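Please look over the sequence and the structure shown here. A short report on the fold and its contacts comes after them.

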Amino acid sequence: ADALVRDGEGWSVFVIRSGRARLTRIEIGGGGGEYRAVRSGLSIGDRVILFPGDAFADGDSVTPQRSASGRLR
């Protein structure tokens, strides 16, 4: 749910592809307050930007960072 961006009457997420934020339309299903089921639009292994707010636009350059635990963020 933290990656969802309202896109017209539907939903999208920013997927990182080749160092760029790509606005990607998705279809969501049910879920709880903390998550949503993605029915289509993403593939296993796709990396999405959490809490994008108004900071990102399609095609913006992004550089993933490693957290203190060593995980990419």
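The report covers the sheet, the aromatic pair, the nonpolar core and selected residues.

This is a predicted model, in which local features need pLDDT of at least 70, side-chain atom pairs count only at pLDDT 80 or more, and totals for chains, interfaces and linings use all residues. Residues are numbered from 1 along each chain as its sequence is written, and side-chain values use heavy atoms, with hydrogens and water left out.

**The sheet**

Four strands build an open sheet, in the order β1-β2-β3-β4, with antiparallel pairing. Strands are DSSP runs (E, at least two residues), numbered from the N terminus. Two strands pair if DSSP finds at least two bridges between them. The edges are β1 (5-7) and β4, each pairing on one side only. From one strand to the next, the twist averages 60°. For that angle, axes are lines fitted to C-alpha atoms, and values run from 0 to 180 degrees between N-to-C directions.

Strands β2 and β3 run antiparallel and are joined by seven bridges. Val13 has Thr24 of β3 as its bridge partner. Val15 stands opposite Arg22 in β3. The hairpin of β2 and β3 has two residues between the strands, and Ser18 takes a positive phi near 50° there. Strands β3 and β4 pair over two bridges, also in the antiparallel sense. Here the partner of Glu27 in β4 is Ser40.

**The aromatic pair**

How many aromatic pairs does a search of the whole structure find? It finds one. Phe14 and Phe56 form this pair, which is tilted, with 6.0 Å centre to centre and 45° between the planes. Rings of Phe, Tyr and Trp (its six-membered ring) pair if their centres lie within 6.5 Å; planes under 30 degrees apart count as stacked, over 60 as edge-to-face and the rest as tilted.

Phe14 lies in strand β2 (residues 10-17) and Phe56 in the segment after β4 (38-40), so the pair ties together parts that are 42 residues apart in sequence. Phe14 is buried at 4% relative accessible area. Phe56 is partly exposed at 28%. Buried means under 20% relative accessible area, exposed over 50%, and partly exposed in between (1.4 Å probe, protein chains only).

**The nonpolar core**

Phe14 is also part of the largest nonpolar core, whose five residues are Val5, Phe14, Ala21, Ile49 and Val62. Such a core is a set of buried Ala, Val, Leu, Ile, Met, Phe, Trp, Tyr and Cys residues joined through side-chain atoms within 4.5 Å. In soluble globular proteins, nonpolar side chains tend to be buried together.

Val62 touches Ile16, Gly19, Arg20, Ala21, Ile49 and Phe56, leaving out residues up to four places away in sequence. Contact means heavy atoms within 4.5 Å.

The table lists two side-chain pairs.

| Pair | Polar contact |
|---|---|
| Thr24 and Arg17 | 3.4 Å |
| Ser12 and Asp7 | 2.6 Å |

A polar contact is a pair of N or O atoms within 3.5 Å; within protein, one must be able to donate a hydrogen and the other to accept it, and residues adjacent in sequence count only if both atoms are side-chain atoms.

Thr24 sits in strand β3 (residues 20-28). Is Thr24 buried or exposed? Thr24 is buried, at 11% relative accessibility.

Ser12 belongs to strand β2. Ser12 is buried too, at 0% relative accessibility. Beyond four places in sequence, its contacts include Ala3, Leu4, Leu23 and Thr24.

Glu27 is in strand β3. Glu27 is partly exposed, at 44% relative accessibility. Its C-alpha atom is separated by 5.3 Å from that of Arg39, twelve residues apart along the chain. Apart from residues up to four places away in sequence, Glu27 touches Ala37, Val38, Arg39 and Ser40.

Val48 is in the segment after β4. At 30% relative accessibility, Val48 is partly exposed. Val48 and Arg17 are 31 residues apart in sequence, and their C-alpha atoms are 9.4 Å apart. Again setting aside residues up to four places away in sequence, Val48 touches Ala3, Val13, Phe14, Val15 and Leu42.
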